[in-house]
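Please consult the sequence and the coordinates alongside the text.

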Amino acid sequence: MRKASGMNAVALFCLGLVMIALQTTLFRALAIPYAKAALILPLVIYAAFRMEAVRGLILSFALGYAMDVFSGGIQGLTPLFTVLLCLGGHWLRKGVFVDGVLAQVLVGFWFGATYGVLWVGAETLAEGWGWGQWGPLPRILLQSLVVGLLSPALIRIAGPVDRLSGKGWRRLQGLRG
Amino acid sequence: MLILMALGIISSHRRQPGGMGPFEEALYGVLRPMQSALSAGFKGARAFWDGYLGLVAVERENRALRERIWELEQQLTEYHEMKASNERLRRLLDFQSGSKLRTLPAEVIGEDSTGWFHVLIIDKGLAHGVKRGMPVVVPEGVVGQTVECAERSSKVMLITDRNSGVDVMIQRTRARGVLEGMGRKGACSLKYVARTEEVAEGDRVITSGLGGVYPKGLLVGAVTSVSKEGYGLFQQVEVSPQVDFDRLEEVMILLEEGGLQGRNQ
């Protein structure tokens, strides 16, 4: 875990916004709406496994809330889930290492699946969705697979963004001082 | 604390859906250019793929023919509507074609971020006169309605979304019902149609003008299946929307909010 300034989280949040912009346009262009995975989840994984607890949780909350703004669902559900996932990841990181590609794929898949189940479960409770009516399970599996496969690359992108933004900010502070 | 904040947001959103705070406005403002650029880029890439790598001439001809079909279908809907109205001697009917209404063209720049809802993001908002609850249409039929508006973009809930409900009627028999989304593309459920009403496969479904959002007579879709169980007051009717929501690139917002309601009363 690295010591981070607040700018790291801001930079990662901006990266998350790019992911949300991609998410709301790419899958439509590819005409595969069912595969629309939450591309912010690899950043939540990064926040959970590589960042300080408080900053990681705040970043996860902000990413979830930003994603909610562009969704048609109940506002507040996604930040709740991303915070819970980040907490879970934090707890897991004592025993699980996400340095290898395979580990990142598996954790990405697990995060994606948990996120999907939480979403559909909450909407079932709140709006009366049915699990059997329109078969959300295959979609959850497909989306989790996409998150899993993209996780290594996105975690790799998040690393330099985190490091460089922190370094740049410290240099700027040094110049001021 | 963050969990409590999230629960607070959920609670306030459920009490007052459709509201947009400064943070949301700012996010829409930041992401709009990104979405527009990405959307245009992907659209260009798709057009390149479809147009140049595919059969250019066939694609163009196909598009022209499709546009012609949509035009003729709209004309046919209008014809049926006028004929039915004349037969019932409704002299006060002032049904107008969609093109005569005050409309605002908008471009689709994104869609729902989660994949679980049928919502589009368009590039017109409050600054262009768009408000919550305005109907959104294309020449082939009804798309949905605006549910949240930022300064320069808006969220449109499609008629296929599970939260959508449209007051409609069968054009042939005038049987009324409420068209609800089923959360999947290409199918909606027509609820509350009395089992004594005559509904057949292929019947055209149009807006009734009574829901307070959509003007009367807009084509919504066609009946694909009808079933009556041994008991119950209503029959189960499934409707296939006329619009191909996956291919939507431009839509029209009907700006005459109050006038539409008033005209149909």
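This is a predicted model: local features need pLDDT of at least 70, side-chain atom pairs count only at pLDDT 80 or more; totals for chains, interfaces and linings use all residues.

Strand β1 of chain B spans residues 103–111 and is joined by 3 bridges to strand β2, residues 119–122, the two running antiparallel. Both strands belong to a barrel in chain B, which 6 strands close in the order β1-β2-β5-β4-β3-β12 with antiparallel pairing. From one strand to the next, the twist averages 45°.

## Domains and their interface

Chain B is assigned two domains: domain 1 covers 22–98 and domain 2 covers 103–254. Their C-alpha centres are 14 Å apart. Contact between them involves 22 residues of domain 1 and 27 residues of domain 2.

The size of an interface is often expressed as the accessible area lost when the parts come together. Here the two domains of chain B bury about 2,200 Å² between them, with 44% of it on carbon and sulfur atoms. On the domain 1 side, Tyr28(B), Arg32(B) and Lys43(B) lose the most area to domain 2, together 26% of what that side buries.

## Polar contacts and contributing helices

The rule finds 1 salt bridge across this domain interface of chain B. Lys43(B) and Glu107(B) form a salt bridge through their side chains, at 2.9 Å from N to O. Polar contact across the interface of the two domains is found for 6 residue pairs.

In chain B, α2 (22–53) and α3 (56–87) each supply at least two residues of the side of domain 1 that touches domain 2. The largest share of that side, 9 residues, comes from α2(B).

Definitions and conventions
Residues are numbered from 1 along each chain as its sequence is written. Chains are lettered from A and ligands numbered from 1 in the order in which they are written. Side-chain values use heavy atoms; hydrogens and water are left out. Two strands pair if DSSP finds at least two bridges between them. Helices (H or I, at least four residues) and strands (E, at least two) are DSSP runs, numbered from the N terminus. Axes are lines fitted to C-alpha atoms, for helices over the stretch in contact, and angles run from 0 to 180 degrees between N-to-C directions. Domain bounds come from an automatic or database domain assignment. Contact means heavy atoms within 4.5 Å. Buried area is the accessible area (1.4 Å probe) that two parts lose on being put together, summed over both. A salt bridge is a side-chain nitrogen of Lys or Arg within 4 Å of a carboxyl oxygen of Asp or Glu. A polar contact is a pair of N or O atoms within 3.5 Å; within protein, one must be able to donate a hydrogen and the other to accept it, and residues adjacent in sequence count only if both atoms are side-chain atoms.
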